Amino acid sequence: MAMRQTPLTCSGHTRPVVDLAFSGITPYGYFLISACKDGKPMLRQGDTGDWIGTFLGHKGAVWGATLNNEATKAATAAADFTAKVWDAVTGDEVLTLAHKHIVKSVNFTQDSSCLLTGGNDKIIRIYDLNQPEAEPQEITGHTSAIKKALWCNNDTQILSAADDKTVRLWDRNSTEVVKQLSFDMSVSSMEYIPDGEVLVITYGKTIAFYNALSLDMIKTVDAPASIHSASLHPDKDFFVAGGDDFKLYKFDYGTKEELESYKGHFGPVHCVRFSPDGELYASGSEDGTLRLWQTAVGKTYGLWKCVLPEELVSENSDTIYCTPAAPEIKA
Amino acid sequence: MRPHVSVLRLPRGPAPNGRGFDPNSPRFIALCPTTISASTETATDSVQIREEQRARSALRESFLRTLIAMTNKQVQFHMYERVKVEAKFGASDIDVLNFQISELHTPIGVQKEALLRCQDVISYSFDL
């Protein structure tokens, strides 16, 4: 008997959640950081959604947030023209990197030694975190605001997506463009999967998958509504997407079939990402909440508990309670 | 009608005050054995650590005493964007994130009661 999905709602933000990122799996579990227009990015325990702390310091909307693999450092990009690096254990601000315009994207290298930033000034910057006062390396070329800049190919190359409707692959040392993709419309999101070198790009109602090294297209899938963000499961069997119609969609990666759709958010979905173990995915919305969704609905994991049919009618089930999924309220 | 997946509890939300990062969490204790560190180098010598902790305690205590001394006094605040305001200091919150003040004199009038965001303050001064 298939169970109905119960998303876990993480509250706390007071404005739309525009970006989110998971850390790698650490000895203390994995973690989740959320970027919010209220200027206060938050760190949460990844498998439960429990709040751990809020990074205080930005004076404007935070557009991008990321964690390093060990979840010991966090970086945020904000509308106050700065990117900040934080100690993700103490919550202290470690570094402020001044930019000349709104910063939209931040990304650590695998060893956390360098930080990549990109934003409305159209320039990609590489900061050496061991020499923060040194001038960053700059990569120019984009003709519009950069939405996302990511390290790829073992941190030897950089992928960037901008409002100039291009996705560009750059060589880190020469700072030259290696390859470029052009689209008819602006790319809404980009996800890079190092294992297998897959690039997930969303634009309009399309979720597109590319080989991250060659930028050859693997496949495209169209969703029922305009998609803002998508994420591929680590095992590459599913992918999830969310956008304008407030719903989360789950697709089979192999057959491109739409498997499920989930209601729950009260606003457009801006970001969605699978956890590093693939057991859940998190979505951030215009409604100011993050929601955690199970990949295998009904499985015992995190705060979700598998209840056998006999237990449902048992009288000893006082520690178990059901919370309904989508309240089915029409906005 | 299909049953909904059961949930043990809902995710915990932010604490009402403070910014979190519990120093008693296992992760904090394991990864930050000493939050005492000089501005650049980490002091490995235990005598140095003790000295630094003593200095930090003294500075912290005198800061807290200034907050007490400031109560109900007129304080001038220098803030970002070349803002200079004066108000009667009431109290600070536990993390020194906000100051509760009264009779805040601003260029556009006097605010009877206000909360000043500490991160916006560059410096403040008052007469003892």
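Across the interface of chain A and chain B, the rule finds 17 residue pairs in polar contact, with both residues at pLDDT 80 or more. On the side of chain A that touches chain B, at least two residues come from each of β1 (8-10), β4 (42-45), β5 (51-54), β29 (304-305) and β30 (321-322) of chain A. Of these, β5(A) gives the largest share of that side, with four residues. The structure described here is a predicted model.

The interface can also be described by its contacts and area. Here 52 residues of chain A are in contact with 29 residues of chain B. Together the two chains bury an area of about 3,600 Å², and carbon and sulfur atoms give 61% of it. Arg4(A), Trp51(A) and Val89(A) supply 19% of the area that chain A buries against chain B, which is more than any other three residues. Charged pairs also take part, as the rule finds four salt bridges across the interface of chain A and chain B. One of them links Arg19(B) to Asp92(A), whose closest N and O atoms are 2.8 Å apart.

Chain A holds an open sheet of four strands in the order β18-β19-β20-β21, with antiparallel pairing. At its edges are β18 (189-193) and β21 (217-222) of chain A, each of which pairs on one side only. From one strand to the next, the twist averages 15°. Strand β20 (residues 206-211) of chain A is joined to β21(A) by five bridges, and Ile207(A) has Val221(A) as its bridge partner in β21(A).

Elsewhere in chain A, Ser285(A) belongs to strand β27 (residues 280-285). Ser285(A) is buried, with a relative accessible area of 0%. Its side chain reaches the backbone oxygen of Gly267(A) at 3.1 Å. Beyond its neighbours within four places in sequence, Ser285(A) is in contact with residues including Pro16(A), Val17(A), His265(A) and His270(A).

Methods: Residues numbered from 1 in each chain as written. Chains lettered and ligands numbered in written order. Predicted model: local features only at pLDDT ≥ 70, side-chain atom pairs only at ≥ 80, totals over all residues. Heavy atoms only, no water. Buried < 20%, exposed > 50% of the residue type's maximum accessible area, 1.4 Å probe, protein only. Polar contact = N/O pair within 3.5 Å; in protein donor to acceptor, adjacent residues only side chain to side chain. Contact = heavy atoms within 4.5 Å. Pairing = 2+ DSSP bridges. Axes fitted to C-alpha atoms, helices over the stretch in contact; angles between N-to-C directions. Buried area = accessible area lost by both parts, 1.4 Å probe. Salt bridge = Lys/Arg side-chain N within 4 Å of Asp/Glu carboxyl O.
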